[in-house]
Amino acid sequence: MKPIYSKAQLGYMKAKTQFEKQAVFLEKKLEDTRKTQEISQEVMEGLVQTTGFHDAYNNLVLAENELIEWSHTTMKHEKTYRENRIAIDDMYLKLNSDPKMRAQIIDLAMKIR
């Protein structure tokens with residue numbers, strides 16, 4: 001049986017897939033460009049823009065934020081949340097200052113059914 005995902009989870013999966021595709025495309029463009037010129041900051045910025053990597057990254061961050069917000073709201077209805085409210089809320093407070101915590105919350109949010 002296929003798992004049922006929320007709108008936030010589907011949006012995140014779509015944005016992540018697009019980001020990964022754009023990263024591969026950027027990497028290929030970098031390899032091709034290295035053959036003909038040195039990769040300066042200006043060249044790199046141009047490639048990031050023209051390959052769509054920048055937009056894909058921004059879309060991924062927005063999708064992550066939506067997923068995190070959805071998971072926090074959804075979780076508040078669970079018994080486990082009520083029993084561990086302080087610890088869980090502390091995790092969500094740290095998500096913008098701790099990249100590992102953010103990744104952990106996103107991973108957990110994708111497991112919510």
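What follows is a short chat about the predicted model shown above.

Reader: What is the mean pLDDT of the protein chain?
Author: The mean pLDDT (the predictor's confidence in each residue, from 0 to 100) is 93, and 100% of the residues reach 70 or more. This is a predicted model, where local features need pLDDT of at least 70 and side-chain atom pairs count only at pLDDT 80 or more, while totals for chains, interfaces and linings use all residues. Residues are numbered from 1 along each chain as its sequence is written, and side-chain values use heavy atoms, with hydrogens and water left out.

Reader: Which element has the lowest mean pLDDT, and which the highest?
Author: Helix 4 (residues 79–83) has the lowest, 85, and helix 1 (residues 7–34) has the highest, 97.

Reader: How many helices and strands are there?
Author: The protein chain has six helices and zero strands. Both are DSSP runs numbered from the N terminus: helices are H or I with at least four residues, strands are E with at least two. Along the sequence the pattern reads α-α-α-α-α-α.

Reader: What about the radius of gyration?
Author: The protein chain has 18 Å, whereas a compact globule of 113 residues would have a value near 13 Å. The radius is taken over C-alpha atoms, and the globule rule is 2.2 Å times the number of residues to the power 0.38. The C-alpha trace spans about 60 × 35 × 15 Å along its principal axes.

Reader: How much of the chain counts as buried?
Author: Of the 113 residues, 33% count as buried. Buried is under 20% relative accessible area, exposed is over 50%, and partly exposed is in between (1.4 Å probe, protein chains only).

Reader: How far apart are the mean positions of the charges?
Author: The mean positions of the 18 positive and 17 negative charges are 7 Å apart. Lys and Arg count as positive, Asp and Glu as negative; His and the chain ends are not counted. Each charge is placed at NZ of Lys, CZ of Arg, CG of Asp or CD of Glu.

Reader: What share of the contacts comes from residues 24 or more positions apart?
Author: They account for 64% of the contacts with a separation of 6 or more. Contact means heavy atoms within 4.5 Å.

Reader: Now helix 5. Is D89 buried or exposed?
Author: D89 sits in helix 5 (residues 85–94). D89 counts as buried because its relative accessible area is 19%.

Reader: What is D89 in contact with?
Author: H72 and Y81, leaving aside neighbours within four places in sequence.

Reader: And M91, which residues does that touch?
Author: M91, also in helix 5, touches M101, I105 and L108, not counting residues up to four places away in sequence. At 21% relative accessibility, M91 is partly exposed.

Reader: Switching to helix 2. Why does T50 count as exposed?
Author: T50 counts as exposed because its relative accessibility is 64%. T50 lies in helix 2 (residues 41–50). T50 and K29 are 21 residues apart in sequence and 9.9 Å apart, C-alpha to C-alpha.

Reader: Where is E42, and is E42 buried or exposed?
Author: E42 is in helix 2 and is exposed, at 67% relative accessible area. From E42 to Q22 it is 20 residues in sequence and 19 Å in space, C-alpha to C-alpha.

Reader: Last one: where is N65?
Author: In helix 3 (residues 53–75). N65 counts as partly exposed at 34% relative accessibility. N65 and M13 are 52 residues apart in sequence, with 13 Å from C-alpha to C-alpha.
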